[in-house]
Amino acid sequence: MARTIMHIDLDAFFVAVEQAEKPKLKGKPVVVGGRPDRRGVVASASYEARSFGIHAGMPLATAYRLCPQAIFIEGGFPKYRDASQKFMAILADFTPFLEPIGIDEAYLDVTGFESIYGSIHQMALAIKQRIKEELGICASAGAASCKVVAKIASDLSKPDGLLEIANRDERSFLAPLPIAKLPGIGKKAERILRSLGINTIGKLSATPLSTLKSHFGTSGELLRSYASGIDDRKVELPGAAKSISRETTFGKDTRDRSLVKATLCYLGERVGSNLRQQGKQARCVTLKLRYADFTTITRSQTLTQASDTDRTISDIGLKLLSKALAQEKQPIRLIGIGVSNLTEPARQLDMLDSSAQRLEKLNKTIDRIRKKYGFTAIQTGRTLLLKDIFPETERGYTLHTPSLSR
Ligand code: TTP
Ligand code: MG
């Protein structure tokens, strides 16, 4: 389904907060960052100051040279933080699908919100209006089918702007823009691209992947996707898990390897199922063991390719387990497995490996069956042993201590 993502960014944020506090600063070249005779750089410049060539990151002395009549303000972070919190609270009134980025910007997933606000345009106007009324500052908004295009749209619309890019117009919108407009292209990447004769986003999207990969490694692919207006990144709600793990303490300390292994695989499947529910893949698997004397160890392995399959998670868990068991002979009190370094799944076109595709299909089928008939309705040979040990409910086995999700 086509998504609609809105990106909102406050205009000249630090300056705007100062201007809201002291209206006589409005319409003037204002620089927040410090006094011009001090060392330091410009944090925020009013649009009037920008017309003199002043921009964020520029040494204050340079800013002073360009515009001696500008008003230089030291600024105070607590009031910016306060304004930022109020800004995010206003956005949260419009949608729970909100991803704050930094201090003055956010992505909103507004798919389907036309039905509430009349149109996405109306919704953006209402948001801008409330920010203006309650904070006295202007915001710019961009709306498009994906994050990267929405962000570029809000940036281009500044100040006090609103720009919507219709579905399927992404490419033609991006094509004429200079490459520096693409988020993620810093000074160095820009130099490389220009040396290759790639000056516009359109040219970048038409550059052979092999060329981009040879200069930017795997990021080359992402660059080209973004340049083509393709960006699968979701709006991530804050507090979304950075890692997923399950662990359990055995009824009594055990040396029973089959039980330990089966439990590990079961916990691995719970982790995998949760991971897929969140639409994520993991790059790291961690085994946790607590021995009878309460010594606790963790062992991790980083994957060469991110994965979300039960098989991969359990295989690595088992491998780490057998290494650990070879070193320590004590009975085991607790076992846990977790995944971290979570990423968005690679797109289908990356999945050249057909065995990976088969595993992915298998997991999808298992997830469907479990959703319908309960977690233990389908089991691998690896966990079957648990059937005789733990009571089953629709939600899975009732382990001696619940498997924790953190
Ligand atoms: P930005 O949104 O990048 O800049 P801005 O809000 O001042 O201007 P606009 O969005 O209209 O282009 O950054 C938000 C705030 O973060 C900015 O007001 C001050 C702070 N900041 C710094 O302290 N140092 C910097 O180098 C940048 C870029 C921003
Ligand atoms: Mg801003």
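Reader: Is Ala 12 buried or exposed in this model?

Author: Happy to start there, with the reminder that this is a predicted model. Ala 12 sits in the loop between β1 and α1. Its relative accessibility is 10%. Buried means under 20%, so Ala 12 counts as buried.

Reader: What is the phi of Ala 12?

Author: Good one to look up on the backbone. Most residues other than glycine have a negative phi. Ala 12 has a positive value instead, and its phi is near 40°.

Reader: How far is an oxygen atom of ligand 1 from a polar backbone atom of Ala 12?

Author: Ala 12 is listed among the closest residues around ligand 1, along with Asp 9, Ser 44, Tyr 47 and Arg 50. Backbone N or O atoms of two further residues also lie by ligand oxygens: Phe 13 at 2.9 Å and Phe 14 at 3.0 Å. For the polar backbone atom of Ala 12, the distance to an oxygen atom of ligand 1 is 2.8 Å.

Reader: How much of the accessible area of ligand 1 does the protein cover?

Author: The shell around ligand 1 holds 14 residues. Elements giving two or more residues to that shell are β1 (5–10), α1 (13–21) and α2 (47–50). By class, the shell has eight nonpolar, one polar and five charged residues. On its own the ligand has 560 Å² of accessible area, and the protein covers 67%.

Reader: Which side chain does the side chain of Arg 276 make a polar contact with?

Author: Arg 276 belongs to helix α13 (residues 257–277), and with a relative accessible area of 14% it is buried. Beyond its neighbours within four places in sequence, its contacts include Asp 308, Thr 309, Asp 310 and Asn 363. The polar contact, at 2.5 Å, is with the side chain of Asp 367.

Reader: Where is Asn 341, and is this residue buried or partly exposed?

Author: Asn 341 lies in strand β12 (residues 332–343). Its phi is near 55°, a positive value in a residue other than glycine.

Reader: Which residues does a cis peptide bond join?

Author: Most peptide bonds are trans. With omega at about -10°, the cis bond joins Lys 158 and Pro 159.

Technical notes
Residues are numbered from 1 along each chain as its sequence is written. Chains are lettered from A and ligands numbered from 1 in the order in which they are written. This is a predicted model: local features need pLDDT of at least 70, side-chain atom pairs count only at pLDDT 80 or more; totals for chains, interfaces and linings use all residues. Side-chain values use heavy atoms; hydrogens and water are left out. Helices (H or I, at least four residues) and strands (E, at least two) are DSSP runs, numbered from the N terminus. Buried means under 20% relative accessible area, exposed over 50%, partly exposed in between (1.4 Å probe, protein chains only). A polar contact is a pair of N or O atoms within 3.5 Å; within protein, one must be able to donate a hydrogen and the other to accept it, and residues adjacent in sequence count only if both atoms are side-chain atoms. Contact means heavy atoms within 4.5 Å. A residue is near a molecule or strand if one of its heavy atoms lies within 4 Å of it. Accessible areas come from the Shrake-Rupley method with a 1.4 Å probe; for residues, only the protein chains shown count as cover. Ala, Val, Leu, Ile, Met, Phe, Trp, Tyr, Cys and Pro count as nonpolar, Asp, Glu, Lys and Arg as charged, and the others, Gly among them, as polar.
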